Amino acid sequence: MDALAGSAMPAFLLGTYTPKIDAKGRMALPAKFRAQLGAGMVMARGQERCVYLLPQEEFRRIAMQIQRTSMGNKAARDYLRVFLSGAVGQEPDRQGRVLVPQMLREYARLDSDIVVIGVGTRAEIWNREAWQAYLEEKEQGYSDIADDVLPEVEF
């Protein structure tokens, strides 16, 4: 895994972690994510009421990709407005904690019990109960959709 964290490779975040959000709205970043996310990262509204946690470079790449299509595409303009207006730059403190802004905690209905999952180039922060419900719902069809989502990948 350390080989994936090198500067030539983009972040590749994996796994499921269960830190807590403290009374001040801070959460400890999973130790395995700290080096990969770097000193500066961006939190933003994600789909299905989670919070995205992205390295700055990945956030910029996504925002620029959406921006290129946004002028003539109303759906892309709408998405870009919601995505960027809810984005906040963050830097971890000396203990590896980051503040999850109130606006994003409300959006994702985050309380003290959260789940942080690695989703490749980003992490997602979920309300623990919402994550469990999502996972239970999607696990049923996980095998069924593999052929549609991964037609070229062999296991």
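Q: What should I know before reading the values?
A: In this predicted model, local features need pLDDT of at least 70 and side-chain atom pairs count only at pLDDT 80 or more, while totals for chains, interfaces and linings use all residues. Residues are numbered from 1 along each chain as its sequence is written, and side-chain values use heavy atoms, with hydrogens and water left out.

Q: Where is Gln36 placed, and is Gln36 buried or exposed?
A: Helices (H or I, at least four residues) and strands (E, at least two) are DSSP runs, numbered from the N terminus. Gln36 belongs to helix 1, residues 31-37. Buried means under 20% relative accessible area, exposed over 50%, and partly exposed in between, with a 1.4 Å probe and protein chains only. At 10%, Gln36 is buried.

Q: Which backbone atom of Phe12 lies 2.8 Å from the side chain of Gln36?
A: The backbone nitrogen of Phe12 lies at that distance from a polar atom of the Gln36 side chain. The Gln36 side chain also reaches the backbone oxygen of Lys32, at 3.4 Å.

Q: How many residues of strand 7 are buried?
A: Five of its five residues, 114-118, are buried. Ile114, Val116 and Gly118 cover one side, with Val115 and Ile117 on the other.

Q: Which strands do bridges join to strand 7?
A: Two strands pair if DSSP finds at least two bridges between them. Strand 1 (residues 16-17) runs antiparallel to strand 7, with two bridges; Thr16 partners Ile117. Five bridges join strand 7 to strand 8 (residues 123-127), also antiparallel, and Val116 has Ile125 as its bridge partner.

Key
Polar contact = N/O pair within 3.5 Å; in protein donor to acceptor, adjacent residues only side chain to side chain.
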